[in-house]
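Visitor: I am new to this one. Could you show me the structure and take my questions?

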Amino acid sequence: MHHVVLERWSQGASVMHRRDPRAKIAALMVFLVVLATAHRSLPAFGLALLLLLSAALIWARLPLFSALARAAIVLPFSLVFAAVCWLSGDPGRGFALLLKSYLSALAVLLVVATTPFPALLRGLEMSGAPRFLLMVAQFLYRYLFVISEEAQHMTKAAASRGATVRGFMAGARFRAAAGALAVLFARSYGRAEDIHRSMRARGFLGRFQPFTALRFRGGDAVFTLFASLAPVLLRAAVERGV
Amino acid sequence: MHIPDGFLSTPVWATMDVAAAPAVGYIVRRAQRGFDDSRVPLLGVMGAFVFAAQMINFPVGIGTTSHLVGGALLAYTLGPAAASVVMCAIIAIQALVFQDGGILAMGANLINMALVGVLAGYLPFYLWGGGRWRKLAIFAGGAFSLLASAVLALAELLVSGVPMPASVLGVSLALFMVSALLEGAITLAVIQALETIQPGFVRKPETGRSFALGAIGLAAVLLAAVGVLAASTAPDGIEKLGLQTGIASHVRSLVTTPLTGYQVAFFQAGWLRKASAGLAGLALIYGACLLIGRAVARKRSA
């Protein structure tokens, strides 16, 4: 599954991995804003940013090509709109949509693949995002796998009982699927209550206690400065040069 | 429809982000009020359920299947505020982990799906969920929730200048309509199945409370949807109107005025000036939100 690979990638030990999550979040925001507001000489600027991100991926010792392929997950959606743009006589905008959505996804992937998810959420929390929401997100991420597996088991079981046979009455199948979802809901709810009880029994009072505090060091400040300046300078250079 | 980065124009995503930050903050507080803090696992696990629910396919015709989106279902079971928080967490995880939906566009996605989508889905249930029209209200909620998010997303794309010929717009609206009806049907079927398993899962809306307010809200949402559709079929008309009344220039000066004085001399390039002004604006808004949030939190704990 997608997030298992990400989880493995984020456990690396490169310089990029060791940076404070807040430094990476700040640099990501600058990158995204600089990219989103670019309008002139996009092909050259896009190529420059692609090279920048590729260099960062190599620097973080991540597999370059599978990362590039993974970010292409946005392309089907963008391609539809790019085709519409092209058909309505605005191929430039279509190209911009493809380029911007792909590069933005790649930049996000770079940050997420070099930051373990709990650290990323802590970075977001220290940047002011609501803690309650982030805790919900953390539980969601933790049980995503568990509940998805349960759903897979249920669909497999239903298929083995003939739920996918063609010609079977659609109405009955529809009701059966609704019943399966209701059972999955009830099981998830029950599981959540069990989790809650056992966490309470272990002394959970509504917030996580992190073992180590995040520390924003000099290296992080330097990283933030350079990583934020890079896209800005690239854009200035590209637009000056044309 | 999770909008990726690069689709929305800067004024659109910036406005949506600025609007989403306090709205999400408010809804999180609201959810916390009704929820014991230590019950946070429930919301997380139900979020995971919504993800997993996409694996269970519903047959809806020859060879095609559909799946639950879940905003309305969560609102009927966990309550609207908690459901909104769960949807916010889902959208954040989709954007961060699955690269489905953008980061700058997250404000727009949050408003479309987690805030407006969930609340629009809850409204019919809130108004008529206790009476004779219960089934219809549940069905309408599911359909309404999906339709509201889809129309909002389309409108944001249109306002951003993504060209959509009338035919494409018509086809996508028709598709959204069909998926909205399916979402309504699936939501109703699942709620009925849930009530057979254990009636306590589904909330009982209090009857006869602030009916007028709800009706006004519903009318407002409907009006907005109709207005958006009307506007999107004639986007040039709106633009012309804006130019004629001078709204566009007013808005522009309103946006740039606070920061025009800070244009640094060595920033010769126009975009650099704009981008730095934009970044500074974002930083200012972020700082203001942070300070207000801290102040409110302190006041509450004091």
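Visitor: Which residues touch the most other members of the largest nonpolar core?
Guide: This is a predicted model, where local features need pLDDT of at least 70, side-chain atom pairs count only at pLDDT 80 or more, and totals for chains, interfaces and linings use all residues. Residues are numbered from 1 along each chain as its sequence is written, while chains are lettered from A and ligands numbered from 1 in the order in which they are written. A nonpolar core is a set of buried Ala, Val, Leu, Ile, Met, Phe, Trp, Tyr and Cys residues joined through C-beta atoms within 7 Å. The largest one has 165 residues, and those touching the most other members are Val136(A), Leu140(A), Leu181(A), Val85(B), Val86(B), Ala89(B) and Val190(B).

Visitor: Which helix gives the largest share of this core?
Guide: Helices are DSSP runs (H or I, at least four residues), numbered from the N terminus. The largest share is 17 residues, and the helix is H5 (residues 106–128) of chain B.

Visitor: Is Val116(B) buried or exposed?
Guide: Val116(B) sits in helix H5 of chain B. A residue is buried if 20 or more other C-beta atoms, placed from the backbone, lie within 10 Å of its own, exposed if 12 or fewer, and partly exposed in between. Val116(B) has 21 within 10 Å, so the word is buried.

Visitor: How far apart in space are Val116(B) and Leu152(B)?
Guide: Two residues are in contact if their C-beta atoms, placed from the backbone, lie within 7 Å. Beyond four places in sequence, the contacts of Val116(B) are Ile111(B), Ala148(B), Ser149(B) and Leu152(B). Val116(B) and Leu152(B) are 36 residues apart in sequence; C-alpha to C-alpha, the distance is 8.8 Å.

Visitor: Which residues of chain A is Val85(B) in contact with?
Guide: Set aside neighbours within four places in sequence. In chain B, Val85(B) then meets Ile27(B), Val28(B), Ala31(B) and Leu43(B). In chain A, the partners are Leu133(A) and Val136(A).

Visitor: Which helix supplies the largest share of the side of chain A that touches chain B?
Guide: Here 73 residues of chain A are in contact with 66 residues of chain B. The largest share of the chain A side is 20 residues, from H10(A).

Visitor: How many residues on that side of chain A are nonpolar?
Guide: Ala, Val, Leu, Ile, Met, Phe, Trp, Tyr, Cys and Pro count as nonpolar, Asp, Glu, Lys and Arg as charged, and the others, Gly among them, as polar. There are 10 charged and 16 polar residues; the nonpolar ones number 47.

Visitor: Are H10(A) and H2(B) roughly parallel or roughly antiparallel?
Guide: Axes are lines fitted to C-alpha atoms, for helices over the stretch in contact, and angles run from 0 to 180 degrees between N-to-C directions. The axes of H10(A) and H2 (residues 40–53) of chain B come within 9 Å and cross at roughly 150°. Angles under 35 degrees count as roughly parallel, over 145 as roughly antiparallel, 65 to 115 as roughly perpendicular and the rest as oblique. So H10(A) and H2(B) are roughly antiparallel.

Visitor: How are H3(A) and H11(A) arranged, roughly parallel or roughly antiparallel?
Guide: Their axes lie 9 Å apart, at an angle of about 10°. H3(A) and H11(A) are therefore roughly parallel.

Visitor: How many nonpolar residues are in the contact of H3(A) with H11(A)?
Guide: Among those in the contact are Ala23(A) and Phe31(A) of H3(A), and Phe223(A) and Arg235(A) of H11(A). By class there are 2 charged, 2 polar and, for nonpolar, 11.

Notes:
Helix = DSSP H or I, 4+ residues; strand = E, 2+ residues; numbered from the N terminus.
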